[in-house]
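Trainee: I would like to learn how to read the features of a model like this one, taking them one at a time. Could we begin with the structure itself?

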Amino acid sequence: MTMQPQLVPEAGGSPNPGTPDSPLSEAGVAAAPQEVVGRSPGQLAWRRFRKDRSGVISASIVIFFFLIAFAAPLIEKLYGKDPYTRYGQIHPGLLNEVGAPIAPNGGISGEHWFGIEPAVGRDVLMQLVYGIRTSLLLAVVVVIIVTVVGTILGITAGYLGGKVDYVISRVIDTLLAMPSQLFFIAFTPIVLALFVSERETTPTMLRATALIIVLSMFGWTRIARVLRGQVLSMREREFIEAAKVSGAGSGRIIFKELLPNLWTPILIIATLDLPTLVTTEAALSFLGVGMTEPTPDWGRMINKGFEGMQSDVTYLAFPAIAMVIFVLAFNLLGDSVRDALDPKSNR
């Protein structure tokens, strides 16, 4: 009986490719291990945001409004109209004897795409474009101020505690207890009267500055209160204790340890505050204590539209619809940003 020779693999060689223990595939190619790709929290948030259809649509609308506001001078140059010229007086055929547009739908025509303003005949489209610019500029400035002030005071109160926390918390409670809308109406004329007498015309820049001051006085309390609570829960955690043991000072702990963990609530609150400030500024202008004639502003346009609503609703419709679309889109964007940055928030 003959013995069949057995194949013995060389030292250090691979086993028989035909055996089950062989790492080679049936095609004779070694199966390469799959590489695990790590993603940062920002990349994960961006992936979650891209999957949110309402968030993407809302972001597109918000970006469109900001582009319109930024490009207002260019639109004025291309369109050939400005928001201040009273075209109804230059061209008598645009308005009738009572000041109403002669053309239907508020005077909409090839020359004036959104019609003209009753009584004076200013172009509605350019007023709307520059009104967006005015409202967004004021709201963005106020958001920046209240975010910086609220972040500093909220972190300071939560980290230092003691008397500092007590004083800041009582100031926050006092401001939150006050009716802010009534305070805006009463305090804005007082701020203006400190710089301009009643007989003088208030400059537009001074009126805008007064609005920014008044809105900022109450706006910082919300973010400060939220961040104070966040810091109170984080200052006793292990990484803060480790930073103290290593000899880190208060400044380093606040800016290197606490602040990086607070960007999510800061961004969410700032995103939700901006549309609120836009509507607040428009409400003040509607009541006559915000931006006034001849500055283009959504609130002033809505106020003027209510005066002639019975004869022509077109002039009221454009700023009202634009504000509703912008505020709704920004609120939906804020919700989407919150869900993307904190996926557990909707559970």
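Mentor: Let us start with two helices, H10 and H11, whose crossing in this predicted model is right-handed.

Trainee: How is such a pair described, and at what angle do the axes of H10 and H11 cross?

Mentor: In general, two packed helices are described by the angle between their axes and the distance between the axes. Here the axes of helix H10, residues 238-245, and helix H11, residues 250-258, cross at roughly 145° and come within 11 Å.

Trainee: Which residues in H10 and H11 meet?

Mentor: From H10, Phe 239, Ile 240, Ala 243 and Lys 244 take part, and they meet Ile 253, Glu 257 and Leu 258 in H11. By class, the residues of this contact divide into five nonpolar and two charged, with no polar ones.

Trainee: How should I read an aromatic pair, and how many are there by the ring-centre rule?

Mentor: The count comes to nine aromatic pairs. In one of them, the ring centres of Phe 65 and Phe 326 are 5.3 Å apart and the planes stand at 65°, and because planes over 60 degrees apart count as edge-to-face, the pair is given that name. This pair links distant parts of the chain, since Phe 65 belongs to helix H2 (residues 53-70) and Phe 326 to helix H14 (residues 314-341), 261 residues apart.

Trainee: Which residues does UniProt list for "transmembrane region"?

Mentor: The unreviewed UniProt entry lists residues 56-75, 136-162, 174-196, 208-227 and 313-333 under that heading. In the model, residues 56-75 are 95% helix and 0% strand, with end C-alpha atoms 26 Å apart, while residues 174-196 are 78% helix and 0% strand, with end C-alpha atoms 29 Å apart.

Trainee: Where does Ile 102 lie?

Mentor: Ile 102 lies in the loop between helix H4 (87-90) and helix H5 (104-107). Apart from its neighbours within four places in sequence, Ile 102 is in contact with Gly 93, Leu 94, Leu 95 and Asn 96.

Trainee: What is the mean pLDDT of the chain, and where does pLDDT stay under 50 with zero contacts beyond four places in sequence?

Mentor: The mean is 79, and 84% of the residues reach 70 or more. The stretch you ask about is residues 1-8. Over residues 17-28 the pLDDT is also below 50, although this stretch has seven contacts in the model beyond near neighbours in sequence.

Conventions: Residues numbered from 1 in each chain as written. Predicted model: local features only at pLDDT ≥ 70, side-chain atom pairs only at ≥ 80, totals over all residues. Heavy atoms only, no water. pLDDT = per-residue confidence, 0-100. Contact = heavy atoms within 4.5 Å. Axes fitted to C-alpha atoms, helices over the stretch in contact; angles between N-to-C directions. Helix = DSSP H or I, 4+ residues; strand = E, 2+ residues; numbered from the N terminus. Left-handed = near helix turned anticlockwise from the far one by under 90°. Nonpolar A, V, L, I, M, F, W, Y, C, P; charged D, E, K, R; others polar. UniProt positions renumbered as here; feature names shortened; annotations may be inferred. Phe/Tyr/Trp six-rings, centres within 6.5 Å; stacked < 30°, edge-to-face > 60°.
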